[in-house]
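Thank you all for coming; I would like to take a few minutes to walk through one model with you.

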Amino acid sequence: MRLKTYLKKNDIVEVISGEEKGKRGKIIKMLYEREKNRIRAIVEGVNLHKKHQRPRGVDQPGGIIDIPLPLPVCKLALICPKCGQKTKVRREKIENRRVRICKKCNEIID
Ligand SMILES: [Zn+2]
């Protein structure tokens, strides 16, 4: 089975299930975990967990920091940058370019 998602790095997404439901943020990293047959995404400011960090010199004194842990993409919905709604996309080929189109406002998202 191929791993597929319509989400990409830098998309704004909203969490649609679980404890973090309703939170929004930008995808800062996509994780394609083929061996586990799943795709997860790290979303800025969402699913934060405390982590102890060792001091790494003057600029990074260490202490407890919040780091975002990955969420399965099935828990995320894309927020369309054109209409601002939670949406799904369809894929089309326009002038030899594969683009994503918002199903709510029909605007090109890519
Ligand atoms: Zn839209």
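I will start with how to read the model, then turn to its sheet and finally to its domains.

What you see is a predicted model, in which local features need pLDDT of at least 70 and side-chain atom pairs count only at pLDDT 80 or more, whereas totals for chains, interfaces and linings use all residues. Residues are numbered from 1 along each chain as its sequence is written.

The sheet is open and has six strands in the order S6-S3-S2-S1-S7-S8, with antiparallel pairing; strands here are DSSP runs of E, at least two residues long and numbered from the N terminus, and two of them pair if DSSP finds at least two bridges between them. At the edges lie S6 (71–72) and S8 (86–87), each of which pairs on one side only.

As for domains, whose bounds come from an automatic or database domain assignment, domain 1 covers 1–56 + 63–79 and domain 2 covers 84–110. Their centres, taken over C-alpha atoms, are 22 Å apart. Five residues of domain 1 are in contact with five of domain 2, contact meaning that C-beta atoms, placed from the backbone, lie within 7 Å. On the domain 1 side, S7 gives the most, with three residues.

Note on methods
Helices (H or I, at least four residues) and strands (E, at least two) are DSSP runs, numbered from the N terminus. Two residues are in contact if their C-beta atoms, placed from the backbone, lie within 7 Å.
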